[in-house]
Amino acid sequence: MSSSDQPSVHQTHVALFPSAGIGHLVPFLRLANTLLRHNCKLTLITSQPPVSSAESHLISRFLSAFPQITELKFHILPLHPSIANSDDPFFLQFEAIRRSVHLLNSPLSALSPPLSALVCDVTLISSALQLTATLNIPNYALFTSSARMFSFFAYYPFAKMSDPSSDSIRVPAIGSIPKTSLPPPLLVNNSIFQKIFSQDGQRIKELNGILINAMDAMEGDTLTALNNGKVINGLPPVVPIGPLLPCDFENPDAKSSIKWLDNLPPRSVVFASFGSRTAASRDQIKEIGSGLVSSGYRFLWVVKDKVVDKEDKEGLEEIVGEELMKKLKEKGMVLKEWVNQEEILGHRAVGGFISHCGWNSVMEAALKGVPVLAWPQIGDQMINAELIATIGLGMWVEKWGWGQKCLVKGEELGGRIKELMESEALRKQAAKFRDEAIKAVEVGGSCDRAIEGLIGKWSKGT
Ligand code: UDP
Ligand code: G50
């Protein structure tokens, strides 16, 4: 055998184990892209069937773009009918995956070359630890939210949550987080989310490391505090690998929205989109529409009517109403489809982003230097919104509360959009984050160094 025909014995083989929902899948696929550039061999565990069509489409585009990646199709066991419809469909999928992981022992141990490490999603920690103990390989978790949220997650097992006299939780080195800002299902006793969050939080010290889509320019103090034992003692290394870069495979061909933007002046358009898994009420949709019109700015608005895309069947006119739709068309573009968010945020015509503060969206806004009007809807988003306001990547109107629970009037929204689009300070600060993000992802920058450090450890089995 000539040397070029020899199997590359030194190639580090890593299994990636994402969980449910686009917000959890996207960072794994971006990480995969980075690891491939660093010559890793990868196996992607895909839980079947995925909850949303967006996940199925993204996985197949990814696998076509990278045929060298092994897909390990993981057919998860259905949940008992008594709980199968009792909660958010993505939380139910977290739970179903967790209960099925024992099925992975044998296919993972049969992989060749043998695995050097497993990187699991944050919602799978306890179950993945069982797997890696059997396989005798290191276990790293990819945390799919902010370092601020991670600090809360790490401290949560030590927090006295049930103290009714206190309306906030003081996280060492981070500060006080009001209970009203916590993911609402965490406050529901015995909810699936609460159970997973606390079970996994208690076991993070058993991990070999935590990868996080964060960067020093945005959360340097928090990352330092985490790694110096100031949040809790004894954490494994928390490695900032952000910003994870959007990849070509993520989006199909250019869409009409980009052509529309091409003809508009710089920073004249506000982009409104609320991620892949939050639906606004019909009343709120109408208020958003009238707010966008009253702002006086041009807008590109992505409407989402159902939590799971497969159920999103009604047309735009029906949802928004004919009369409002007419007004909207005069000034903006309204879509009810998957858009290429990274291309839109990177377009020179876009000057502001009304966002639910899903963490991937926040990092994309920073990477493109677009100021954010934070409007948290569910989960970790209020903690992220508070961070955005603190570091000046955008503004957060605290009194709006949770998007899913309170109705924000169009007039109010319109005024805040003007404020966002006219703020020189926010524009400058967002541009600073963009510059820092670009530095971090340069060849030999902090991202490359972090990834090389990780691969070095994995190749030694640590
Ligand atoms: N996204 C997109 N097009 C859409 C909706 C979402 O490209 O029409 C991408 C977005 O850029 C981000 C991810 O999907 O990378 C959504 O993740 P995020 O954490 O922002 O929110 P989630 O969907 O989990 O609430
Ligand atoms: C998804 C979601 C709601 C939600 C979160 C989601 C997070 C992220 C952090 O990702 O809060 C997280 C940490 C530990 C855990 C689950 C989620 O067990 O729909 O709040």
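I started at ligand 1, where an oxygen atom is 2.9 Å from an N or O atom in the side chain of His356. I count a polar contact as a pair of N or O atoms within 3.5 Å; within protein, one must be able to donate a hydrogen and the other to accept it, and residues adjacent in sequence count only if both atoms are side-chain atoms.

The model is predicted, so local features need pLDDT of at least 70 and side-chain atom pairs count only at pLDDT 80 or more, while totals for chains, interfaces and linings use all residues. Residues are numbered from 1 along each chain as its sequence is written, chains are lettered from A and ligands numbered from 1 in the order in which they are written, and side-chain values use heavy atoms, with hydrogens and water left out.

**Ligand 1**

Ser276 has a polar side-chain atom 2.5 Å from an oxygen atom of ligand 1. For Arg30 the corresponding distance is 3.5 Å. The protein covers 94% of the 530 Å² of accessible area that ligand 1 has on its own (Shrake-Rupley method, 1.4 Å probe; for residues, only the protein chains shown count as cover).

Next I listed the shell. It holds 17 residues, and the closest include Val339, Asn360 and Glu364 (near means a heavy atom within 4 Å). By class I noted 5 nonpolar, 8 polar and 4 charged residues. Here Ala, Val, Leu, Ile, Met, Phe, Trp, Tyr, Cys and Pro count as nonpolar, Asp, Glu, Lys and Arg as charged, and the others, Gly among them, as polar. Helix 1 (22-37) and helix 15 (359-368) each supply at least two shell residues. Helices are DSSP runs (H or I, at least four residues), numbered from the N terminus.

**Ligand 2**

I moved to ligand 2, which 14 residues surround, Phe193 and Gly379 being among the closest. Asp380 uses a backbone N or O atom, at 3.2 Å. The protein covers 95% of this ligand's 440 Å². The shell has 9 nonpolar, 3 polar and 2 charged residues. Helix 8 gives the most, with 3 residues.

**Helices 7 and 8**

Met149, Phe152 and Phe153 meet Phe197, Asp200 and Gly201 (heavy atoms within 4.5 Å).
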